[in-house]
Amino acid sequence: MHELSLCQALVTLVRERVGPRPITQLRRITVAIGSLAGVDADAFAFAFGAIRDQALHPACQLELVSVAAMAVCDHCGRRGAIVYASAGCVRCGHWPLVLEPGGDDIYLSDLQFIDSGCDINPIQ
């Protein structure tokens, strides 16, 4: 299950981004998963839950955002969502399409903290 190793890498990245702030103030991690990333969202959420208590903080929540894979036909210029990386253009049949960034990626999108005033503050 590569989702567990992805979660471990996520924890490392989150700890780097948190910096000097107390990890106990971290309340939400938002992760964007491209539809062609090959990541099972349920398995990722399960793996996160398994390592969260020891690696971060039990109150920290995970939000997963699905990102549609978009591609452009370099023959006719049509842009649209695709389900398979090997898809051809639905307008002209040209293959291969040019995949736009994000559709096959997984990335840390946002971190949110609880400050002393109980406001949730996003950082990028």
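**View 1. Antiparallel pairing of β3 and β5 in the predicted model.** Strands β3 and β5 are joined over two bridges and run in the antiparallel sense. At this pairing, valine 72 stands opposite valine 98 of β5. The structure shown here and in the views that follow is a predicted model.

**View 2. The open sheet of three strands.** The strand order is β4-β3-β5, and the pairing is antiparallel. β4 and β5 (98-99) are the edge strands, each pairing on one side only. Strands of a sheet pair through backbone hydrogen bonds, in either a parallel or an antiparallel arrangement.

**View 3. The hairpin of β3 and β4.** Strand β3, residues 69-72, pairs with strand β4, residues 79-82, in the antiparallel sense over four bridges. Alanine 69 has isoleucine 82 of β4 as its bridge partner. Six residues lie between the two strands of the hairpin, where glycine 77 adopts a positive phi near 85°.

**View 4. Helix α2 and its kink.** A kink of about 30° is centred on glycine 49 in α2. The 15 residues of α2 should span 21 Å at 1.5 Å a residue, and the end C-alpha atoms are 20 Å apart, which agrees with that expectation. At the start of α2, a side-chain oxygen of aspartate 40 comes to within 2.9 Å of the backbone nitrogen of aspartate 42.

**View 5. The buried residues of α2.** Ala43, Phe44, Ala47, Phe48, Ile51, Arg52 and Ala55 of α2 are buried. An α-helix has 3.6 residues a turn, so residues three or four places apart point the same way. The packing partners of the buried residues of α2 are α1, β1, β2 (61-67) and β6.

**View 6. The largest nonpolar core.** This core has 21 residues, and those with the most contacts inside it are Leu10, Val14, Leu26, Ile29, Leu56 and Leu111. Two or more residues of the core come from each of α1 (2-18), β1 (26-34), α2 (41-55) and β6 (106-114). Another core, of six residues, lies apart from it and includes Ala71, Cys73, Ile82 and Cys89. In soluble globular proteins, nonpolar side chains tend to be buried together.

**View 7. The surroundings of isoleucine 29.** When residues up to four places away in sequence are not counted, isoleucine 29 touches Leu10, Val14, Phe48, Leu56, Cys60, Gln61, Leu62, Glu63, Leu108, Asp110 and Leu111. Leu10, Val14, Leu56 and Leu111 are also listed, with Ile29, among the residues with the most contacts inside the largest nonpolar core.

How values were computed. Residues numbered from 1 in each chain as written. Predicted model: local features only at pLDDT ≥ 70, side-chain atom pairs only at ≥ 80, totals over all residues. Heavy atoms only, no water. Core = buried A, V, L, I, M, F, W, Y, C linked by side-chain atoms within 4.5 Å. Buried < 20%, exposed > 50% of the residue type's maximum accessible area, 1.4 Å probe, protein only. Contact = heavy atoms within 4.5 Å. Pairing = 2+ DSSP bridges. Expected span 1.5 Å × (residues − 1). Bend = angle between axes of the 7 residues up to and from the residue. Polar contact = N/O pair within 3.5 Å; in protein donor to acceptor, adjacent residues only side chain to side chain.
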